[in-house]
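This report describes one protein chain, beginning with a single detail and then widening to the whole. Please look at the structure first.

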Amino acid sequence: VRSAELTCDRAALLVAQDRSVVMSMLMKLAGGCKSLDGQLNVDAFLEQARAYEEASNTPVGWYISNAESRQLSHPLPVMRAREIDQWSRSP
């Protein structure tokens, strides 16, 4: 299941040709609603993804991240955004 979401996100990026569009969709999945559309900040969302990844690199952070993600059927939207960001920047 996890690979399917990342593949779909990559397909969305290929269709939209705009990383911001895919990020905006992932932000809305994370809990943003249409009324907040003008207040969503893609850069802040990516910064949150980077901070989450950095925190996960510590022993305690790894344990918490692993315990949290084991219970999920889908990757967290913020982590999907990080993956799309990395993939969009790859050669």
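The N-terminal end of α2 is capped by D18, which has a side-chain oxygen 3.0 Å from the backbone nitrogen of S20. The model is a predicted one, and the values below are computed from it.

**Around helix α2**

Helix α2 covers residues 19–29, and its buried residues are V22, M23, S24, L26 and M27. An α-helix has 3.6 residues a turn, so residues three or four places apart point the same way. In α2, V22 and L26 are both on the buried list, and so are M23 and M27.

S24 is also part of helix α2. Its relative accessibility is 18%; the cut-off for buried is under 20%, so S24 counts as buried. Leaving aside neighbours within four places in sequence, S24 is in contact with D37 and V42. S24 and S90 are 66 residues apart along the chain, and their C-alpha atoms are separated by 20 Å.

The residues on either side of the helix also deserve a look. Q17 lies in the loop between α1 (2–16) and α2. Q17 is not a glycine, yet its phi is positive, at about 60°. Is Q17 buried or exposed? With a relative accessibility of 63%, Q17 counts as exposed. Just after α2 comes G31, with a positive phi of about 135°.

**R80 in helix α5**

R80 is located in helix α5, which spans residues 77–89. The relative accessible area of R80 is 10%, so R80 is buried. What does the side chain of R80 make a polar contact with? The partner is the side chain of D9, at 2.6 Å. Not counting residues up to four places away in sequence, R80 touches E5, L6, D9, L26, L29 and P75. One of these, L26, is among the buried residues of α2.

| Residue | Relative accessibility | Class |
|---|---|---|
| R80 | 10% | buried |
| S24 | 18% | buried |
| Q17 | 63% | exposed |

**The protein as a whole**

The secondary structure consists of five helices and zero strands. Read from the N terminus, the order of elements is α-α-α-α-α. The radius of gyration is 13 Å, close to the 12 Å that the globule rule gives for 91 residues, so the protein is as compact as a globular protein of that length. Taken along the principal axes, the box filled by the C-alpha atoms is roughly 35 × 30 × 25 Å.

Of the 91 residues, 27% count as buried. Among contacts with a separation of 6 or more, 63% are between residues 24 or more positions apart.

Definitions and conventions. Residues are numbered from 1 along each chain as its sequence is written. This is a predicted model: local features need pLDDT of at least 70, side-chain atom pairs count only at pLDDT 80 or more; totals for chains, interfaces and linings use all residues. Side-chain values use heavy atoms; hydrogens and water are left out. Buried means under 20% relative accessible area, exposed over 50%, partly exposed in between (1.4 Å probe, protein chains only). Helices (H or I, at least four residues) and strands (E, at least two) are DSSP runs, numbered from the N terminus. A polar contact is a pair of N or O atoms within 3.5 Å; within protein, one must be able to donate a hydrogen and the other to accept it, and residues adjacent in sequence count only if both atoms are side-chain atoms. The radius of gyration is taken over C-alpha atoms; the globule rule is 2.2 Å times the number of residues to the power 0.38. Contact means heavy atoms within 4.5 Å.
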